[in-house]
Amino acid sequence: MSDSLPMTIPAPLTPAQRTQIINLVRRAARAEILPRFRTLGTSDIDQKTGPMDVVTAADKEAEKMIVRGLLAMFPNALMVGEESVTDEKVAALADAEMGFTIDPVDGTWNFAHGLATFGVILSMTRFGVPVFGLIYDPITDELLIADEAGPAQVMAPRRPARNVSVSKGGPIEELSGFASVYNIPEDKRGDLIGLMTRFQRLYMLRCAAHEFRMVAQGHVDFVLCSNLTPWDHAAGALIVQRAGGHVACLDGSEYRAQMRDGYLLCASDAATWGRVRDAMSFLLHDTTEG
């Protein structure tokens, strides 16, 4: 991602504002998310596009609480929450001097089925560029946070903040990372499955929050994101970048929060990014031609 913006602007948030946002996310998790974890019945889980794409009252109520709190602090900001999103709101991120993207429960399928692999994702953007990102794990009360000016850090109660950094990368056969077979076009899934024998490991967590956390902390080497959505990807892209990683769309273009098409690749460094990009270049080929 580039640090260039169409005008000179001040630092995105004051330390006090950052603290307010952190406290807001934690309160929402305690009030609306954790009380519903492993207490949901089948009638409490609704489908959106299908049985693997679900929503619960935790998603809806946590988003409402976070949006209310953000608007109290930033009444003129554009709010793009997963559960109240429109195409127009996503497109408007490109022109918004201050936008917020919110995924109140990322990994909802996991959450709804009693798996602890879920989290809260929040980003602040300026003209589509992520300038603040937060990924929160309600189970451990730990968060990963970064802005455009400082390092990515992990923070937890009663522990000092600690800088995090990506892995050292390496050759393809030594790399592990995340790529979802089921989020790419059906005619290209076989090619991605074939890559499992080239990489050391390919994983799928069904949770962007924890996938980005793993990359930023150096536990895996890359994450490939498809079906681009700002509430899933904007915060993580910034956090990985500020942890020392290389972030760009698979076609080499700079990532922006308003993007909905293409693929986002975040890797430990530019050389590793290039190796993964080359291995996955088949995703850029239009197999409908000819």
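# Chat on a predicted model

Guide: To start with the surface of this predicted model: Tyr 182, Ile 193, Met 196 and Met 204 make a nonpolar patch of about 410 Å².

Visitor: Where is Met 204 found?

Guide: Met 204 is in the loop between strand 11 (201-203) and helix 6 (208-216).

Visitor: Which residue other than glycine has phi near 65°?

Guide: Arg 158 has that positive value. Arg 158 is in the loop between strand 8 (153-156) and strand 9 (159-163).

Visitor: Is Arg 158 buried or exposed?

Guide: Exposed, because the relative accessibility of Arg 158 is 83% and the cut-off for exposed is over 50%.

Visitor: Back up a bit. How many helices and strands does the chain have?

Guide: The protein chain has 8 helices and 14 strands.

Visitor: What share of the residues is buried?

Guide: Buried residues are 54% of the 290 in the protein chain. As for the surface, the chain exposes about 12800 Å², with 50% of that supplied by carbon and sulfur atoms.

Visitor: And what share of the contacts comes from residues 24 or more positions apart?

Guide: Such pairs account for 65% of the contacts in the protein chain with a separation of 6 or more.

Visitor: Now helix 8. Which residues there are buried?

Guide: In helix 8 (residues 270-279), the buried residues are Thr 272, Trp 273, Gly 274, Val 276 and Ala 279.

Visitor: What covers them?

Guide: The cover includes strand 12 (222-225), strand 13 (246-249) and strand 14 (264-267).

Visitor: What caps the N-terminal end of helix 8?

Guide: Asp 269 does, with a side-chain oxygen 3.2 Å from the backbone nitrogen of Ala 271.

Visitor: What does its side chain reach?

Guide: The side chain of Asp 147 reaches the backbone nitrogen of Ala 149 at 2.9 Å. The backbone nitrogen of Gly 150 is also reached, at 2.9 Å.

Visitor: Not counting residues up to four places away, what does Asp 147 touch?

Guide: Asp 147 touches Pro 12, Arg 18, Val 131, Phe 132, Leu 238 and Arg 242.

Visitor: Last one, Arg 36. Where is its place?

Guide: Arg 36 is in the loop between helix 1 (15-33) and strand 1 (45-50). At 22% relative accessibility, Arg 36 counts as partly exposed.

Visitor: Which backbone oxygen does the Arg 36 side chain reach?

Guide: That of Glu 32, at 2.7 Å. Leaving aside neighbours within four places in sequence, Arg 36 is in contact with Ala 57, Ala 58, Glu 61 and Phe 111.

Notes. Residues are numbered from 1 along each chain as its sequence is written. This is a predicted model: local features need pLDDT of at least 70, side-chain atom pairs count only at pLDDT 80 or more; totals for chains, interfaces and linings use all residues. Side-chain values use heavy atoms; hydrogens and water are left out. Patches are made of residues with over 30% relative accessible area and no salt bridge: like charges are joined within 9 Å, nonpolar side chains (Val, Leu, Ile, Met, Phe, Trp, Tyr) within 5 Å. Accessible areas come from the Shrake-Rupley method with a 1.4 Å probe; for residues, only the protein chains shown count as cover. A salt bridge is a side-chain nitrogen of Lys or Arg within 4 Å of a carboxyl oxygen of Asp or Glu. Helices (H or I, at least four residues) and strands (E, at least two) are DSSP runs, numbered from the N terminus. Buried means under 20% relative accessible area, exposed over 50%, partly exposed in between (1.4 Å probe, protein chains only). Contact means heavy atoms within 4.5 Å. A polar contact is a pair of N or O atoms within 3.5 Å; within protein, one must be able to donate a hydrogen and the other to accept it, and residues adjacent in sequence count only if both atoms are side-chain atoms.
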